[in-house]
Amino acid sequence: MRQIEAERIGEAVAELCRTANQELPQDVYQALEAAKAQEESPLAVDILDQLTRNADLAREEGLPICQDTGVAVVFVELGQEVRIKGDLYRAVDQGVCQGYEEAYLRKSVCDPFTRANTGDNTPAVVHLSLAPGDKVRLTVAPKGGGSENMSRLHMLKPADGWAGCRERIIQAAVEAGPNPCPPIIVGVGIGGNFERSAILAKEALMRPLGTPNPNPDLAAKEAEILAALQDSGLGPQALGGRTFALGVHLKVQPCHIASLPLAINIQCHAARHKEAVL
């Protein structure tokens, strides 16, 4: 049994909070560059160019990609042959506190009613899962309020089927308009139950852009929705063009015979996430 000090988890989380907010993932950057080459609208090309230049400056100057540095969402994939010495959740929160303080990142977490800021961007939202082996995989994905507010969850009837899912996914994205700072990435979770569908949608956003869904049927459904979003003509920042979305990612699992849970988690163009393996 391998042992890892909880303090080491905290240190890794702190560094991931900094880099996730300052360095746009390469898959997202490449998707923006590819979109520029395919765009027909001069205004859309100019907007996409500003987004990549902003990402370049953030990386070079060590500054946040966006002023909304988000709620710290932390995925912890814990190897079953690893023992954490100490309090894992406390270590994650300490890492978030340290990372946001040292990198001068905005603290956005507050009480839901008084709106009093917690002062250190904690508590983090932690998703813990077990995996074979003796490693710990940490993924920090800061999630801004503008895109998260546009997300939706529906408990559909089984008879609604794929047609009902498709309609609501497109509706949610189009009605969001400029609010989630398009071009967006749409994470979709279908199945499980109420809470599981939402986690599936969030996990779907972690799949690298440009990588096909391993399920051919789901890959075709993703392409179908993406084409509809591009055909909306909303474009970058909803100011017109062909690039309203960079990708649509579906994650599906079986559900109860009487229900059809559908969660839609919308991500902005600054699709921030960084990973470390300990």
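Colleague: Which elements do the buried residues of α4 pack against?

Modeller: This is a predicted model, in which local features need pLDDT of at least 70 and side-chain atom pairs count only at pLDDT 80 or more, whereas totals for chains, interfaces and linings use all residues. Residues are numbered from 1 along each chain as its sequence is written, and side-chain values use heavy atoms, with hydrogens and water left out. Helices (H or I, at least four residues) and strands (E, at least two) are DSSP runs, numbered from the N terminus. With contact taken as heavy atoms within 4.5 Å, and buried as under 20% relative accessible area, exposed as over 50% and partly exposed as in between (1.4 Å probe, protein chains only), the buried residues of α4 pack against α1, β2, β3, β4 (125-131) and β5.

Colleague: Which residues are exposed on the other side of α4?

Modeller: The buried residues of α4 are L88, A91, V92, G95, V96, G99 and Y100. They lie on the same side of α4 because they cover an arc of only 155° around the axis, judged by the directions from the helix axis to the C-beta atoms. Exposed on the other side of α4 are R90 and E102.

Colleague: How many residues apart in sequence are the parts tied together by E203 and K251?

Modeller: E203 and K251 form a salt bridge, with their closest N and O atoms 3.0 Å apart, the term requiring a side-chain nitrogen of Lys or Arg within 4 Å of a carboxyl oxygen of Asp or Glu. Because E203 lies in helix α7 (residues 194-204) and K251 in strand β8 (residues 245-255), the separation in sequence of the parts they tie together is 48 residues.

Colleague: What is the relative accessible area of D231?

Modeller: D231 and R242 meet through their side chains in a salt bridge of 2.6 Å, N to O. R242 is partly exposed, at 37%, whereas D231 counts as exposed, its relative accessible area being 53%.
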